[in-house]
Amino acid sequence: MTKISVRTRLFAQFREQFGGAVPLSLEAGATVLSALNALAAGVPDGEKAFFEEDGSIREYVVLMRNGKRIETTEAGATQLADGDELAVFPPVAGG
Amino acid sequence: MLTEREKKRYARQILLFGEEAQEKLKQAEVFLAGAGGLGSPVAIYLAVAGIGTIAIADNDTIELTNLNRQILHRDRDCGRKKVASAEENLREINPDIEIRAVDATIGDGNAEELVGNADVIVDAMDNYAARFLLNRAAFRKNIPLVHAAIRGLHGQATTVIPGKTPCLSCIFPHAPPGEVLPVLGATAGVLASIQATEVVKYLTGTGELLAGRLLLWDGRTSRAEEIAVERNPKCPVCGGNGPGA
């Protein structure tokens, strides 16, 4: 199977937890959802950051593929290509 | 017209923007939502810049745990209403401007009324429920909204121009869950300084606004990055209508 390289950019508390720019090597045909799973794997409480208990992506998580917004409900159907950039961040809330 | 005293007080800004721009600041009214971590430095910088009228809205009371970041309030102010302390301290900082203390919670029924005829709205709130109401009021009344938010050493900011840029609900359609946020006062200072700069730039027509761009500040590495943001055609606030609708 061919692999694709995806560059991720994480911000705010996601950056604290996962790092700022995590390079991912994914199977060809990988989706935004599989990229999130790959990010979460091996990081303590990684899944909890992105996913609800039922496995759906937390609705407030902002996902942008090459600068275009991806709805959390579309993440499983949105394929990534080699060289794509995926930004993942939560809304910062304090004032 | 600027008085001789004002010309002196704002001399270093007049060097930067000119007297006409300083006059625009004097004629301007800013609605500042929140007198907390962001609201404190925003209020101080807008007051010293000579914004003619600052309406500052908050419904909270000052607690000791606020004082690591809410620099408009003093130790002696614990237990007082934030707007009362804000009004008093801002008058001491600059007696040549009008301060309007608005002791109110921004709610579903009153956001547009509270905002009034402000030229700019500053979002210095600490929760998205209030931010969304403010964002909707800004869109309906066609008033620019300068947003920022902070957590820990991180922050974000953007300037919303109704009908031209994405609104806050385009960028963040869903609120994150509430939590007791860790935060350093200086983080509020960084983001609040950006907000105050945006307000002065907008009112004086200076430079390029943080419009259509989300600035993301990481104080841990002292890096600012930005992400281009787009309008959401399905946005429940600004998707279907023009501003002022």
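Let me start with one residue: B:Thr187 lies in helix H9 of chain B. Helices here are DSSP runs of H or I with at least four residues, strands are runs of E with at least two, and both are numbered from the N terminus. This is a predicted model, in which local features need pLDDT of at least 70 and side-chain atom pairs count only at pLDDT 80 or more, while totals for chains, interfaces and linings use all residues. Residues are numbered from 1 along each chain as its sequence is written, chains are lettered from A and ligands numbered from 1 in the order in which they are written, and side-chain values use heavy atoms, with hydrogens and water left out.

Back to the threonine. B:Thr187 counts as buried because its relative accessibility is 2%; buried means under 20% relative accessible area, exposed over 50%, and partly exposed in between, with a 1.4 Å probe and protein chains only. What is B:Thr187 in contact with, leaving aside its neighbours within four places in sequence? The partners are B:Ile150, B:Gly152, B:Leu153, B:His154 and B:Trp217, where contact means heavy atoms within 4.5 Å.

Now the helix as a whole. H9(B), residues 185–204, lies across strands S1 (29–33), S4 (120–123), S5 (145–151), S6 and S7 of chain B, and runs at about 175 degrees to S5(B). For such angles, axes are lines fitted to C-alpha atoms, for helices over the stretch in contact, and the values run from 0 to 180 degrees between N-to-C directions.

H9(B) also packs with H4(B) at an angle of about 40 degrees, the axes being 8 Å apart. From H4(B), the contact residues are B:Pro41, B:Val42, B:Tyr45, B:Leu46 and B:Ala49. Those on the H9(B) side include B:Ala188, B:Ala192, B:Ala196 and B:Val199. The residues of this contact divide into 10 nonpolar, three polar and no charged. Here Ala, Val, Leu, Ile, Met, Phe, Trp, Tyr, Cys and Pro count as nonpolar, Asp, Glu, Lys and Arg as charged, and the others, Gly among them, as polar.

Next, the sheet in chain B. It is open, with eight strands in the order S3-S2-S1-S4-S5-S6-S7-S8 and mixed pairing; two strands pair if DSSP finds at least two bridges between them. At the edges are S3 (98–103) and S8 (223–228) of chain B, each pairing on one side only. On average, neighbouring strands of this sheet are turned by 15 degrees against each other, direction ignored.

S6(B) and S7(B) are an antiparallel pair with four bridges, and B:His154 has B:Asp218 as its bridge partner in S7(B). S1(B) and S2(B), by contrast, are parallel over five bridges, and S2(B) is joined to S3(B) by six bridges, also parallel.

How many residues of S2(B) are buried? Six of six. On one side these are B:Thr53, B:Ala55 and B:Ala57, and on the other B:Ile54, B:Ile56 and B:Asp58.

Last, chain A. Its open sheet has five strands, ordered S2-S1-S5-S3-S4, again with mixed pairing. S2 (23–27) and S4 (68–70) of chain A each have a single partner strand, so one side of each is left without a neighbour in the sheet. Neighbouring strands are turned by 35 degrees against each other on average, direction ignored. S3(A) and S4(A) run antiparallel, joined by three bridges; A:Met64 has A:Arg69 as its bridge partner in S4(A).
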